[in-house]
Amino acid sequence: GTSKAVLKHIETRILAYSRATLAKWVEVHEKQHGLGSWAAAGGPSPENIGLHRLCEDTVLMTDTCNGARCTKRLLTESIVQAIAEKVGKEAWEAMSEEERNEKYRIHRGDCWQHLRNIIIDAMAAKGNELIKEALEDDLAEFSSYERIEVDGSSVIRGAFKHFHHGGEYAKGRGREFSAWHKQEHPSLMFIPFERAMGNRQDLAFDGCVALYWNRLLCLEFLRGYIDCPKSQNVLDKSLYTQLRCNEFVALLRVNTLWCYLFSDPFRWLSGKTSKLAGWSLYKMGWVLELAEKAMQEIEESPERLLDPALDIFKPVADELPEFAAWRAGQLEKQVTAADGTRYYLAREVLREARTQRPGSGNEQAKAKTLELAKAQATRALEKMHDKRLALADKLSSQDGENAYSSNADAHARTLGVHGTNDGVENKFAS
């Protein structure tokens with residue numbers, strides 16, 4: 001329902017219900033053991049359950065949709081009103097604002113995974129838009145039946161259905177493809193395709209890694225079906241057409257780089273906020289500012305994205321040993337080919353995405369890769385600086401009220417809190 005309706009439910013369906021349930025429990029206990037026995041045994045009072053308790057350096061965490069943020073704002077106002085009633089009108093009015101803030105503190109937080117996904121969603125959409133514009137005339141030559149859609153997420157889902165052994169497509173070739181590449185190319189590094197079930201915005205970057213690396217292998221496999229029209233199906237032809245397209249290779253290449261250099265590290269830091277020493281909800285604003293700085297560099301010089309020296313979050317790694325160890329572990333992570341040959345996954349993929357290896361298609365795709373990098377960085381900055389969104393108020397450049405640089409006290413008070421609402425959303429997922 002509306003934010004007001006949700007707010008009402010918090011009081012009636014959770015707090016009032018819990019007070020009533022505990023009151024009944026107290027009544028039963030005192031019937032058996034005598035009046036006052038509940039409190040004497042250390043039992044809690046039903047009056048301890050209420051909005052007035054949500055003021056003890058509490059963080060109210062939501063995702064970034066307008067309805068949730070509105071509910072959070074209304075809830076904050078209701079909490080303050082409940083405290084004032086509990087304290088008493090005369091005592092409340094006698095307190096200064098500084099005294100109230102010191103004693104009763106509420107912090108409003110936005111889930112950093114949702115904030116990260118706002119940027120990813122915008123960048124992915126911009127990349128898709130440019131590719132569709134570049135291929136508009138070519139796409140017009142295909143019928144809708146042929147399903148030639150140069151949308152990154154659509155192709156990621158199509159590849160999962162067709163090539164993944166768990167793909168949910170009756171005509172998928174996952175088992176045949178797995179057996180074929182192990183037999184024909186046992187020494188080649190192979191990256192399992194990302195599972196593309198459900199709705200994940202960061203899949204737009206994550207899913208490109210395997211597709212980018214495996215594309216030449218996929219093309220070789222599909223060519224056998226393309227050469228024999230009687231045995232091909234719609235996905236055979238559509239994936240074969242898309243993976244041969246230089247412009248689409250450029251999209252896979254640039255999104256793979258964004259995945260490793262921006263999305264993955266940001267995701268790790270967001271999810272580990274409660275476990276990192278000296279880290280807080282507000283310290284993540286500094287991480288966002290580092291991403292902002294990198295996007296500005298890439299907007300000015302797109303070649304920067306291909307530069308091995310680009311290290312967006314190095315200042316964080318210098319400060320956080322845990323993050324430095326995670327990054328080192330990512331570079332040491334290995335995959336094993338069918339014949340036992342081992343490869344360093346991230347090192348191989350980053351080397352491939354940053355260079356123009358002959359025969360890989362990278363050279364033909366370079367100009368479009370740089371064009372996409374610049375446009376996506378610009379789009380990311382537009383989202384970060386949009387005052388209507390939750391990102392801008394975390395940035396010093398936008399005079400954000402929740403910027404790390406101007407919230408030293410709030411940072412200290414929220415050390416160790418969760419930086420996301422994953423713990424709640426996982427309940428929905430399961």
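I looked up which elements contribute to the largest pocket: helix 1 (3–33), strand 1 (56–62), helix 3 (66–87), helix 12 (246–271) and helix 19 (422–429) each give at least two residues to its lining. I note that the model is a predicted one.

I then recorded the volume of the largest pocket, which is about 560 Å³. I found that 26 residues line this pocket, and that Met61, Thr62, Asp63, Asn421 and Val424 are those nearest its centre.

I turned next to the cysteines. I searched for disulfides and found zero in the structure. For Cys245, the nearest cysteine sulfur belongs to Cys208 and is 13 Å away; a disulfide requires the two sulfur atoms to be within 2.5 Å, and Cys245 is accordingly in no disulfide. I also checked the accessibility of Cys245: its relative accessible area is 14%, so this residue is classed as buried, the limit being under 20%. Cys55 has a relative accessibility of 4% and therefore counts as buried by that limit.

My last entry concerns Ser238. I located Ser238 in helix 11, which spans residues 234–243.

Definitions and conventions: Residues numbered from 1 in each chain as written. Predicted model: local features only at pLDDT ≥ 70, side-chain atom pairs only at ≥ 80, totals over all residues. Heavy atoms only, no water. 1 Å grid on protein atoms, 1.4 Å probe; cavity = no way out; pocket = protein on both sides within 12 Å on 5 of 7 lines; lining within 4 Å. Points joined across faces, edges and corners; volume = space filled by probe spheres on them. Helix = DSSP H or I, 4+ residues; strand = E, 2+ residues; numbered from the N terminus. Buried < 20%, exposed > 50% of the residue type's maximum accessible area, 1.4 Å probe, protein only.
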